[in-house]
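Trainee: I would like to go through the terms used for this model and check what each one rests on.

Mentor: Then let us look at the structure and take the terms in turn.

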Amino acid sequence: MTCLLETTDLRSGYGAIQVLWGVDLAIAAHATVVLLGPNGAGKTTLLKCLMGLLPARAGVIRFRGQDITRLTPRARIRAGLGYMSELAVFPDLTVEENLDLGALFVDRHTARRRRGELYTLFPVLTEKRRQAAGGLSGGQRKMLGVAKALAGEPRLLLMDEPSAGLSPLMVATVLASLAQCRASGLTLLIAEQNVKFLELGDTVFTMEGGRIAFGGTPAAIQADDGLRRAYFGLGMSPRSTEGGLA
Amino acid sequence: MRSGFLRDMALVVAPLLVLFAVLPSVYDNGLLLLNFVVFLVLAQGLNLSYGFSGYLPFGYVGFFGAGAYGFAMLVTLAAVPPVLAVAGGGAAALLVGLLLAPLLRLQGAYFGLASLAASEALLHLIANPNLQDVTGGPYGVKLTIPYAPRLTYGLALGILTFTMALVAWLRHSRFGLQLKAARDNPIAASMAGIDIVRGRLAVWLASALVAGLIGAVFAWQASTFFPEAVFDIGFSIFAIVFTLFGGAGTLAGPVLGVLLLYGLYNAIGVSAPQYFQLTYGLLIMALVLFFPDGLAAIPRAWARRGRLADG
């Protein structure tokens with residue numbers, strides 16, 4: 001399998017605080033990769049660094065065989081990286097304007113075709129296309145975030161906690177739409193705390209203290225006693241209860 | 001996107017142009033009509049900056065004055081043909097806009113006040129007695145070029161068309177969409193790969209350019225003026241009030257603002273200033289309280305209310 005994205009000894013942080021302490025990550029094309037880790041493990045920082053929103057202090061990021069470590073976010077989007085942050089949606093703009101913003105860097109023809117496909121995929125957005133995104137429910141807004149990220153036809157979509165702030169029912173809906181993306185051959189990197197997302201993954205990485213602590217298949221993480229306790233819990237840590245609820 | 005632009009041009013710009021093209025044949029006061037067009041341009045020019053990047057320059061008149069003086073100096077010192085000198089006035093304002101571009105690092109009221117200070121500084125530079133040979137200093141400008149009311153009026157309408165076409169384009173283009181995203185949420189916009197600085201600078205310069213062009217036309221029409229007359233903060237205030245009253249970010253809003261408020265000003269502002277100011281104040285208060293997004297947002301607000309009632 002060919003590697004779509006690869007990082008070697010990636011280090012980054014904010015001012016005096018270093019967050020990433022040498023991340024080595026390899027993502028195969030068409031794979032769905034789940035990045036698990038507690039708050040503060042560096043998941044968001046890693047995604048930001050991959051997108052170029054935070055400069056790398058050391059290390060290399062290679063995407064489709066090309067060194068993108070020093071490229072601007074715009075150039076990375078053009079190269080085929082997509083990013084869905086927690087701030088993915090512009091509440092004051094309409095649903096359609098949000099989708100158009102997701103497709104800024106593809107040609108108009110592709111953008112229009114893609115918009116049509118996304119309206120078919122997310123019918124609820126079609127009804128609300130002229131409404132301000134701020135008026136959508138939390139789940140619909142998340143749908144819009146996913147659709148907006150897909151509008152630019154990325155090769156690799158980085159998602160920062162798609163389940164954050166959603167009810168269990170909505171988490172299921174998001175999972176279903178991501179399963180569809182996966183089936184279409186899109187490569188996904190999903191940073192999550194919610195272990196439900198493991199069922200989606202081909203590969204799982206766990207992150208702790210700014211490093212990748214474990215990499216393997218979802219089955220391997222379940223087989224490992226320590227990891228199972230940390231992420232699935234045996235009713236001991238509050239984090240595991242949260243995972244269990246969702 | 002293209003259809004939206006054409007719809008705006010057909011439904012707002014074309015009727016307005018026809019109205020102002022016909023008015024001189026039925027109404028004699030050409031100076032008043034030109035002033036209307038001047039304020040239409042200033043309101044739409046301010047709309048470019050405030051409506052699409054959120055920067056509200058209280059010193060907007062600085063560009064207007066720079067255009068007037070750029071024009072006057074080209075005509076008097078370099079004997080440039082007046083029509084060309086109008087373009088020069090625009091270029092002068094563009095230059096001032098570039099010089100003031102670092103102000104865009106400031107936000108909100110700080111930006112507004114800094115731009116006001118910059119416009120005052122420019123006024124005092126131009127009105128400096130030591131520069132009398134160049135700018136005319138405190139004694140102002142006396143142009144000797146022929147008075148050409150039809151030509152200046154036509155130029156003003158051309159500048160108005162250009163300005164409104166820019167606003168219409170921003171409303172329906174990808175570039176305008178990026179600006180709106182950056183205005184509403186700069187952090188998320190930069191995450192989406194939008195070049196915020198470039199966008200803001202572009203509308204800032206466009207906004208400076210049109211004010212300079214119309215300032216040049218104003219200077220030609222006035223032919224004799226003092227520095228204070230073309231750097232009068234009243235121009236800024238009127239442009240701001242008209243734009244906010246009508247609705248920033250829209251195309252029809254600033255037009256409605258100018259036609260209603262500047263119309264009201266001319267109807268009673270001169271003869272009964274106290275009633276004018278009372279009416280003005282009450283109107284603005286009502287608008288800020290009930291329709292903070294301006295007149296142009298009222299139909300939208302009603303439509304929303306209707307939908308809520310149905311649902």
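**Terms and their grounds**

Mentor: Chain A has a mean pLDDT of 88, and 94% of its residues reach 70 or more. This is a predicted model.

Trainee: Where in chain A is confidence lowest, and where is it highest?

Mentor: The lowest mean, 44, belongs to helix 10 (residues 238-245) of chain A, and the highest, 96, to strand 4 (residues 58-63) of chain A. Over residues 235-246 of chain A the pLDDT is below 50, and this stretch has 17 contacts in the model beyond near neighbours in sequence.

Trainee: Why are helix 8 and helix 10 of chain B called roughly perpendicular to each other?

Mentor: Helix 8 (residues 174-184) and helix 10 (residues 196-222) of chain B pack at an angle of about 110°, with their axes 10 Å apart. Angles of 65 to 115 degrees count as roughly perpendicular, so the term applies to helix 8 and helix 10 of chain B. Their contact is made by B:Gln178, B:Leu179 and B:Ala182 of helix 8 and by B:Ile196, B:Gly199 and B:Val203 of helix 10. By class, the residues of this contact are 4 nonpolar, 2 polar and no charged.

Trainee: What makes strand 7 and strand 8 of chain A a pair?

Mentor: Pairing needs at least two bridges. Strand 7 (residues 156-160) and strand 8 (residues 187-192) of chain A are joined by 5 bridges and run parallel, so by that cut-off they pair. One of the bridge partners in strand 8 of chain A is A:Thr187, facing A:Leu156.

Trainee: Why do strand 6 and strand 10 of chain A count as edges?

Mentor: The open sheet of chain A has 6 strands in the order 6-7-8-3-9-10, with mixed pairing. Strand 6 (81-84) and strand 10 (211-216) each have a single partner strand, so one side of each is left without a neighbour in the sheet. Neighbouring strands of this sheet are turned by 20° against each other on average, direction ignored.

Trainee: How many residues of domain 1 and domain 2 of chain A are in contact?

Mentor: Chain A is divided into domain 1 (1-80 + 157-246) and domain 2 (89-153). Between them, 12 residues of domain 1 are in contact with 10 residues of domain 2. On the side of domain 1 that touches domain 2, the largest share, 6 residues, comes from helix 7 of chain A. That side divides into 7 nonpolar, 4 polar and 1 charged.

Notes:
Residues numbered from 1 in each chain as written. Chains lettered and ligands numbered in written order. Predicted model: local features only at pLDDT ≥ 70, side-chain atom pairs only at ≥ 80, totals over all residues. Axes fitted to C-alpha atoms, helices over the stretch in contact; angles between N-to-C directions. Helix = DSSP H or I, 4+ residues; strand = E, 2+ residues; numbered from the N terminus. Parallel < 35°, antiparallel > 145°, perpendicular 65-115°, else oblique. Contact = placed C-beta atoms within 7 Å. Nonpolar A, V, L, I, M, F, W, Y, C, P; charged D, E, K, R; others polar. pLDDT = per-residue confidence, 0-100. Domains from an automatic or database assignment.
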